[in-house]
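These are my notebook entries on a structure I had not looked at before. I wrote them down in the order in which I looked things up.

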Amino acid sequence: MSVILVTGASRGIGRAIVKRFAREHHHVIACARGRQGLDALAAEVPGVECLACDVRDAAAVDALANAVSGRHGAVDLLVNNAGAFQPGSIAGEADGVLEAMLQANLFGAYRLTRRLLPAMVARRRGMVLNVCSTASIAAYPNGGSYSIAKHALYGFTRNLREEMKPHGVRVVALLPGATHTDSWAGVPLPPERFMPAEDVAEMAWAAWNLSPRSVVEDILLRPQRGDIGEADFQ
Ligand SMILES: NC(=O)c1ccc[n+]([C@@H]2O[C@H](COP(=O)([O-])OP(=O)(O)OC[C@H]3O[C@@H](n4cnc5c(N)ncnc54)[C@H](OP(=O)(O)O)[C@@H]3O)[C@@H](O)[C@H]2O)c1
């Protein structure tokens with residue numbers, strides 16, 4: 001049984017990843033800010049260990065890393081999934097949005113990874129999977145600071161991959177397109193236009209399952225009909 005830590009785990013993609021790994025009887029630690037969401041997850045997925053943490057808060061990230069390391073020694077798989085999405089343009093968005101997007105999508109993942117990495121390196125095994133986005137590799141008119149932050153997360157992932165090559169630690173970038181989660185709440189499009197979160201989780205599971213001799217560096221997946229764009233709203 002492996003130890004899997006998933007941030008942003010109470011809803012959406014994170015929740016689907018928790019359920020996919022728990023189904024295979026791994027020990028899954030789920031982190032999110034809200035206690036209510038974690039309690040609901042714990043009721044639905046027996047055995048999941050829930051720890052509240054806001055990844056934007058450096059002290060909370062350190063406390064999470066200490067709690068997990070204290071209880072389990074090391075994690076086998078860290079899934080940096082917590083993030084926030086705010087559409088906007090560079091010219092039009094308010095001051096402070098870039099800082100907020102970097103904090104939610106990059107700084108927590110960077111810090112938590114750095115805290116948990118030494119134990120992986122010492123054991124010469126482990127995997128870090130960062131939930132990036134198609135917005136990590138594509139520029140689009142209302143990408144704004146979200147896209148900047150996701151580009152940065154992908155840059156962090158690629159650099160870590162190079163760094164970890166000699167250490168037996170696999171590093172994976174997961175780049176999903178539009179996935180049917182609360183991130184799209186209120187958008188007037190049918191669920192069929194999006195990927196189900198379970199499909200994204202399935203790819204994380206597939207990447208995890210390869211032998212330690214192989215790594216899936218990038219997982220890029222999109223809705224069958226392609227990215228959501230202006231044409232969808234006409
Ligand atoms: N949905 C998409 O189309 C899509 C596409 C590409 C990439 N992504 C990326 O996939 C990841 C998950 O997105 P999603 O759509 O599944 O989101 P979601 O349905 O809105 O769920 C977000 C989850 O993260 C938790 N969370 C939010 N902020 C957090 C924080 N600061 N610290 C810890 N937990 C936090 C939320 O719980 P609490 O509110 O209780 O904290 C919730 O469990 C994000 O990084 C997102 O950028 C999503």
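Predicted model: local features only at pLDDT ≥ 70, side-chain atom pairs only at ≥ 80, totals over all residues.

**Entry 1**

A pair of aromatic rings is described by the distance of the centres and the angle of the planes. The ring centres of tyrosine 110 and phenylalanine 156 are 5.7 Å apart and their planes stand at 70°, so I noted the pair as edge-to-face, for which the angle has to be over 60 degrees. Tyrosine 110 belongs to helix H4 and phenylalanine 156 to helix H5, so that the pair links distant parts of the chain, 46 residues apart.

**Entry 1: the other aromatic pairs**

How many aromatic pairs does a search of the whole structure find? The search gives six. One of them is formed by phenylalanine 21 and tryptophan 208, an edge-to-face pair with 6.2 Å from centre to centre and 70° between the planes. This pair, too, links distant parts of the chain, since phenylalanine 21 sits in helix H1 (residues 12–23) and tryptophan 208 in helix H6 (residues 197–209), 187 residues apart. I checked the accessibility of both residues and found that phenylalanine 21 and tryptophan 208 are buried. I also noted a cluster in which ring pairs link Phe85, Tyr146, Trp184 and Phe194.

**Entry 2: the sheet**

Next I followed the strands, and I found an open sheet of seven strands in the order S3-S2-S1-S4-S5-S6-S7, with parallel pairing. Strand S3 (49–52) and strand S7 (218–221) stand at the edges, and because each has a single partner strand, one side of each is left without a neighbour in the sheet. From one strand to the next the twist averages 15°.

Helix H2 (residues 35–44) packs on it and touches strand S2 (27–32) and S3, with a direction that makes about 175° with that of S3. H6 also packs on the sheet, where it touches strand S1 (3–7), S4, S5, S6 and S7, and its direction makes about 160° with that of S7.

Is strand S5 enclosed or open to the outside? Six of the six residues of S5 (residues 126–131) are buried, so I wrote it down as largely enclosed by the rest of the structure. Gly126, Val128 and Asn130 point one way from the strand, while Met127, Leu129 and Val131 point the other way, and all of these are buried.

On one side, strand S4 (residues 77–80) pairs with S5 in the parallel sense over four bridges, and here leucine 77 stands opposite methionine 127. S4, helix H4 (residues 97–123) and S5 together make a right-handed β-α-β unit. S5 also pairs with strand S6 (residues 169–176), in the parallel sense and over six bridges, and in S6 the bridge partner of methionine 127 is arginine 170. Between S5 and S6 the chain crosses through helix H5 (residues 144–164), in a β-α-β crossover that is right-handed.

**Entry 3: two buried residues**

Threonine 7 is found in strand S1, and at 1% relative accessibility it counts as buried. A polar atom of the threonine 7 side chain lies 2.9 Å from the backbone nitrogen of alanine 82. Leaving aside neighbours within four places in sequence, the contacts of threonine 7 include Cys31, Val55, Val79 and Leu112.

Valine 61 lies in helix H3 (residues 58–72) and, at 1% relative accessibility, also counts as buried. Not counting residues up to four places away in sequence, valine 61 touches Cys53, Asp54, Val55, Gly108, Arg111 and Leu112. From valine 61 to arginine 115 I noted 54 residues in sequence and 8.7 Å in space, C-alpha to C-alpha.

Key: Residues numbered from 1 in each chain as written. Heavy atoms only, no water. Buried < 20%, exposed > 50% of the residue type's maximum accessible area, 1.4 Å probe, protein only. Pairing = 2+ DSSP bridges. Right-handed = clockwise from strand over helix to strand, strands pointing away. Phe/Tyr/Trp six-rings, centres within 6.5 Å; stacked < 30°, edge-to-face > 60°. Axes fitted to C-alpha atoms, helices over the stretch in contact; angles between N-to-C directions. Contact = heavy atoms within 4.5 Å. Polar contact = N/O pair within 3.5 Å; in protein donor to acceptor, adjacent residues only side chain to side chain.
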